[in-house]
Amino acid sequence: MLVSDLIKRKGSAVTKASPETTVATLLDLLAEHRIGAVVVSADGGVDGIVSERDVVRALRTAGAALLDAPISTVMTSDVVVTGPSDTVEDMMRLMTDRRIRHVPVVTQDGRLAGIISIGDVVKSRI
C-alpha cells in the first residue's frame with residue numbers, strides 16, 4: 001500500500017498555522033479539530049510541525065507565559081516528511097525509528113499533499 005492510498009481514504013485536508021500563531025491559539029486549534037499536531041506554514045509549504053508533546057515539553061520550563069509565545073518557539077523545524085509514492089511500510093518504519101506520530105506528505109514539487117498520523121496507519125492495518 002502507498003501513502004497516496006492512505007491520503008485518498010482519509011482526505012488531504014491539513015490544519016495549518018502561521019509561525020506567529022500563539023501557543024494558546026494552537027491549543028484551541030488542536031481541540032477544535034481533535035488532532036495532535038499542526039503543520040506550521042508561512043507560505044503554504046512546511047516550515048515546521050508542532051504537536052501536543054512539543055507544548056507539554058516547553059511548559060515544563062516556560063510555564064504559563066508560553067501560552068502567549070509564538071508557536072515558532074516550540075515547533076520542530078527539522079520536519080520528517082514522506083511522499084505520496086512511498087510505501088506505508090516504509091513510513092511506519094520511519095515513524096517507529098524517529099519516534100514520531102505525524103508525518104506531512106509532500107509532493108516532489110514541495111506541495112503539501114496531506115498528513116498521516118499513527119492513528120491513520122493503525123486504522124488502515126485493522
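Colleague: Which residue does K10 form a salt bridge with, and how far apart are the closest N and O atoms?

Modeller: That's D120, with the closest N and O atoms 3.0 Å apart. A salt bridge here is a side-chain nitrogen of Lys or Arg within 4 Å of a carboxyl oxygen of Asp or Glu. Bear in mind that this is a predicted model, where local features need pLDDT of at least 70, side-chain atom pairs count only at pLDDT 80 or more, and totals for chains, interfaces and linings use all residues. Residues are numbered from 1 along each chain as its sequence is written, and side-chain values use heavy atoms, with hydrogens and water left out.

Colleague: Back to the pair: which helices hold K10 and D120?

Modeller: K10 is in helix α1 and D120 in helix α5, so to speak distant parts of the chain, 110 residues apart. Helices are DSSP runs of H or I, at least four residues, and strands are E runs of at least two, numbered from the N terminus.

Colleague: Is D120 buried or exposed?

Modeller: D120 is buried, because its relative accessible area is 14%. K10 counts as partly exposed at 37%. The cut-offs are under 20% for buried, over 50% for exposed and partly exposed in between, with a 1.4 Å probe and protein chains only.

Colleague: Okay, how many salt bridges does that rule give?

Modeller: Three. E89 and R93 meet in one at 3.1 Å, N to O, and R93 and D90 in another at 3.0 Å. Those shared partners join E89, D90 and R93 into one network.

Colleague: Where do E89 and R93 sit?

Modeller: Both lie in helix α4, four residues apart, about one turn of the helix. R93 and D90 are three residues apart in α4, so about one helical turn separates them too. In general, an α-helix has 3.6 residues a turn, so residues three or four places apart point the same way.

Colleague: New topic. Which residues of α1 are buried?

Modeller: In α1 (residues 3-10), V3, S4, L6 and I7 are. They are on the same side of α1 because they cover an arc of only 155° around the axis, taken from the directions from the helix axis to the C-beta atoms. The face turned away from that buried side carries the exposed K8 and R9.

Colleague: What covers the buried residues?

Modeller: The cover includes α4, β4, β5 (112-117) and α5 (118-125), with contact meaning heavy atoms within 4.5 Å.

Colleague: And what does phi of R34 look like?

Modeller: Phi of R34 is near 55°, positive in a residue other than glycine.
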